[in-house]
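Q: Hi! Could you walk me through this one? I'd like the overall picture, then some of the packing.

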Amino acid sequence: MPDSEKTALELLEQLRTERFELDVLIQGLEKRLGVVPKNQEPNSSMASSPRITVSIDSIPVGFFHNLSQVAAAEKLLQMSYGHPLSTNEILDVFRKSGMEVGAKFASTALYTALNRSPKFERVAGKAWGLSEWYPEKRRKKEDKEEGNFPDTKRTQD
């Protein structure tokens, strides 16, 4: 076997070993942070960025430190990509992370804050998702606000 092939094979084996070590480190870090990788398609390319979902029960204390409820909700939803959460689920995560949440009107206050922010979209009447997940819904809302009603004809008198 020529030296160039031997060194290429040695390099390949070294890279495989490093990859295994990195996979172990990544799994340990994911476990420590309380995140789990989303199941990927077997044929998906490794070049695409992996999606990570949050295990709601394992959000660490201080995860939302110094964030407003709206910013914290956005951070939470970004980490649970594509999985809307109800107002009460979001509040539960806030409480588990040690975030101070008023008891009396917490649900109403969070609902109102999320409803006023264009970053959030009410989904199926009971959960919140990020507006970026629903570009078609946003387009319809913008058309309505501008008075462009594609389904109806406007006539001038």
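Q: Among contacts between residues at least 6 apart in sequence, what share joins residues at least 24 apart?
A: That share comes to 52% in this chain. Keep in mind that this is a predicted model.

Q: Thanks. How many helices and strands are there?
A: The chain has five helices and four strands. Starting from the N terminus, their order is α-β-β-α-α-α-β-β-α.

Q: And what percentage of the 157 residues is buried?
A: Buried residues account for 24% of the 157.

Q: Let's zoom in on H2. Which of its residues are buried?
A: Helix H2 spans residues 69-79, and its buried residues are Ala72, Ala73, Glu74, Leu76 and Leu77.

Q: Take H3 then. How do the axes of H2 and H3 cross?
A: They cross at roughly 100° and come within 11 Å, with H3 covering residues 87-96. An angle of 65 to 115 degrees counts as roughly perpendicular, so that is the description for H2 and H3.

Q: Which residues meet there?
A: From H2 you have Gln69, Ala72, Ala73 and Leu76, and from H3 they meet Ile90, Val93 and Phe94. Sorted by class, this contact of H2 with H3 has six nonpolar residues, one polar and no charged ones.

Q: Nice. Why would Ala72, Ala73 and Leu76 end up on one side?
A: In general, an α-helix has 3.6 residues a turn, so residues three or four places apart point the same way. Ala72, Ala73 and Leu76 are among the H2 residues in the contact with H3, and they are buried too.

Q: Switching to aromatics: how many aromatic pairs does a search of the whole structure find?
A: Four. In one of them, Phe63 and Phe64 have ring centres 5.0 Å apart and planes at 85°, so that pair is edge-to-face.

Q: Are Phe63 and Phe64 buried or exposed?
A: Phe63 and Phe64 are both buried. Ring pairs also link them with Phe94 into a cluster, and Phe94 is one of the H3 residues that meet H2.

Q: Last topic, charges over rings. Which residue lies over the face of Phe63?
A: Lys75 does, at 4.2 Å from the ring centre.

Q: And what lies over the face of Trp128?
A: There it's Arg122, with 4.9 Å to the ring centre.

Technical notes
Residues numbered from 1 in each chain as written. Predicted model: local features only at pLDDT ≥ 70, side-chain atom pairs only at ≥ 80, totals over all residues. Heavy atoms only, no water. Axes fitted to C-alpha atoms, helices over the stretch in contact; angles between N-to-C directions. Helix = DSSP H or I, 4+ residues; strand = E, 2+ residues; numbered from the N terminus. Parallel < 35°, antiparallel > 145°, perpendicular 65-115°, else oblique. Contact = heavy atoms within 4.5 Å. Nonpolar A, V, L, I, M, F, W, Y, C, P; charged D, E, K, R; others polar. Phe/Tyr/Trp six-rings, centres within 6.5 Å; stacked < 30°, edge-to-face > 60°. Buried < 20%, exposed > 50% of the residue type's maximum accessible area, 1.4 Å probe, protein only. Lys NZ or Arg CZ within 6 Å of the ring centre and 35° of its normal.
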